[in-house]
Amino acid sequence: MKMVKAVIKPERFEFVKKALEDKGFIGMTISEVKGRGEQKGIALQYRGGVMIVDLLPKIQLEIVIRDSDVDTIVVTITEAARTGKIGDGKIFILPVEKSIRIRTGEMES
Amino acid sequence: MALDTGVTTWLMVSAILVMLMTPGVGFFYGGLVRKKNFISMIALSFVVLALVSVHWILIGYSLAFGQDIGGVIGNLDFVGLNGVSADAGSGAYPPLVFMVFQLFFAAVTVTIVTSAVAERIRFSSFIVFVLVWLTLVYCPLAHWAWGGGWASKLGLIDFAGGTVVEICSGFGALALALVIKNRAGFGEYALEPHNIPMALLGAALLWFGWFGFNAGSALAVNSVAVNAFVTTNTAAAAGALAWMFAGWYHGKPSSLGMVSGAIAGMVAITPAAGFVTPLVSLLIGGVAGVLCYGMMLVRVRKKCDESLDAWAIHGMGGLWGTVATGIFAVAAIGGISGLAEGNAWQFAVNTVCAVAALIFSFVMTYCIAFVIDRTLGMRVTEDEEYVGLDICQHGERA
């Protein structure tokens with residue numbers, strides 16, 4: 001089992017959700033986060049000077065899937081979240097030891 | 001007749017009530033946008049209030065209410081409030097009180113237009129737009145209807161601004177929306193209101209302020225003022241219930257629908273408040289609630305991002321109200337008969353003037369916005385739009 005953690009642009013979230021649903025990935029946990037990459041946010045140029053917005057709002061998705069689904073989900077998220085511009089985000093894949101369904105106590109590993 | 005303390009007091013109180021409507025619109029709109037543009041929406045209303053306050057005493061009041069030039073615009077006699085006395089002279093109230101009362105009408109009208117540019121306007125260009133728009137659109141329209149221009153000579157009856165405020169701002173907003181174009185993501189994903197309680201509070205301020213707006217427009221404390229006071233509240237209530245039930249039929253009775261309906265009702269009764277009976281105001285407000293709800297659906301279906309529905313509510317509600325005034329005016333209330341009492345002429349005049357105001361506002365606003373867009377640029381950059389106007393235009397967070 002793997003956890004896919006994707007940090008994406010908020011305005012792409014609806015598209016990613018739809019694309020994942022179309023591929024059969026329904027369950028997910030999302031949170032509104034702030035973050036930055038190597039560009040340290042964006043610099044907005046004004047007459048009065050430069051203003052740096054160094055932490056930009058992002059959406060973080062967490063999805064736990066079978067090992068065999070990793071490639072499909074990475075491609076799906078990448079295609080739906082990509083705008084081609086700086087700040088499209090990143091995907092991380094983490095190993096998951098176990099998952100337990102609280103209602104039934106059913107365990108999966 | 002010397003200064004009447006009752007009338008002067010009521011006008012000053014009315015001016016305060018109308019003043020509160022400008023930030024009221026700001027809070028109403030502020031609740032309806034996404035959180036990242038919350039401050040921006042309210043800031044627009046305050047900058048309008050400040051800009052109009054300066055513009056109006058320097059030149060606006062004179063253009064609207066100065067000596068008539070060809071039925072089109074006022075002259076420059078009152079520039080800088082020259083000759084606008086704080087002394088009542090032979091009148092019941094000082095001209096200076098009337099000036100400040102009218103100032104707040106101009107401010108709330110411009111604020112309504114900000115619906116069209118929500119979440120994407122460049123603040124600096126907006127300031128230029130406000131000053132030009134006031135001079136070339138609002139002042140002439142106010143002059144036509146109230147300052148002795150051609151519409152008032154023709155016999156238009158517009159009690160508190162069905163043409164001047166509502167049609168003018170509503171159709172101006174539509175034109176502006178067509179120039180500035182849709183928000184990024186409009187039609188692709190939901191751009192949901194972030195704070196509905198805030199919008200409800202803004203609407204409450206509007207309902208509160210509208211008593212000064214309409215009943216104050218009697219410019220007296222008499223039966224007309226009292227009638228306007230009651231018709232205003234009645235139309236608001238009818239509009240709220242009508243929109244609520246119309247929305248309920250399609251889903252749930254939303255709180256936002258209720259207050260939108262109340263605003264639609266008050267918009268429609270604005271030109272009629274001192275001319276129709278309270279019973280008829282029930283009809284005018286109720287029809288407005290359903291009509292404006294329908295117009296909002298049309299606007300959404302046409303994929304037009306006139307973001308916060310100034311056109312559907314103020315434009316179409318004002319159009320209906322102005323025409324309805326020509327139909328339902330009763331001689332026993334405001335001294336003028338409408339179509340229902342056999343005076344077809346009044347109906348014709350009100351309809352013609354409403355359409356004239358509609359065309360003038362739409363065309364002029366389109367031209368002004370187009371020129372500003374091509375020279376200064378009306379919109380922020382795409383990056384700035386995604387980050388939100390609060391941070392990129394004001395450097396603040398809600």
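## How to read the model

Residues count from 1 along each chain as its sequence is written, while chains are lettered from A and ligands numbered from 1 in the order in which they are written. Because this is a predicted model, local features need pLDDT of at least 70 and side-chain atom pairs count only at pLDDT 80 or more, though totals for chains, interfaces and linings use all residues.

The predictor's confidence in each residue, pLDDT, runs from 0 to 100. For chain B the mean is 95, with 100% of residues at 70 or more. The model as a whole scores ipTM 0.70 and pTM 0.90.

## The build of chain B

## The cores

A nonpolar core here is a set of buried Ala, Val, Leu, Ile, Met, Phe, Trp, Tyr and Cys residues joined through C-beta atoms within 7 Å. The largest one has 151 residues, and B:Val18, B:Tyr138 and B:Cys292 are among those with the most contacts inside it. Contacts are pairs whose C-beta atoms, placed from the backbone, lie within 7 Å.

Apart from that core lies another, of ten residues, including A:Ala6, A:Ile8, A:Val16 and A:Leu61.

Back in chain B, which residues is B:Cys292 in contact with, leaving aside its neighbours within four places in sequence? They are B:Ala264, B:Ala312, B:Ile313, B:Met316 and B:Gly317.

Definitions and conventions:
A residue is buried if 20 or more other C-beta atoms lie within 10 Å of its own, exposed if 12 or fewer, and partly exposed in between; C-beta atoms are placed from the backbone. Two residues are in contact if their C-beta atoms, placed from the backbone, lie within 7 Å.
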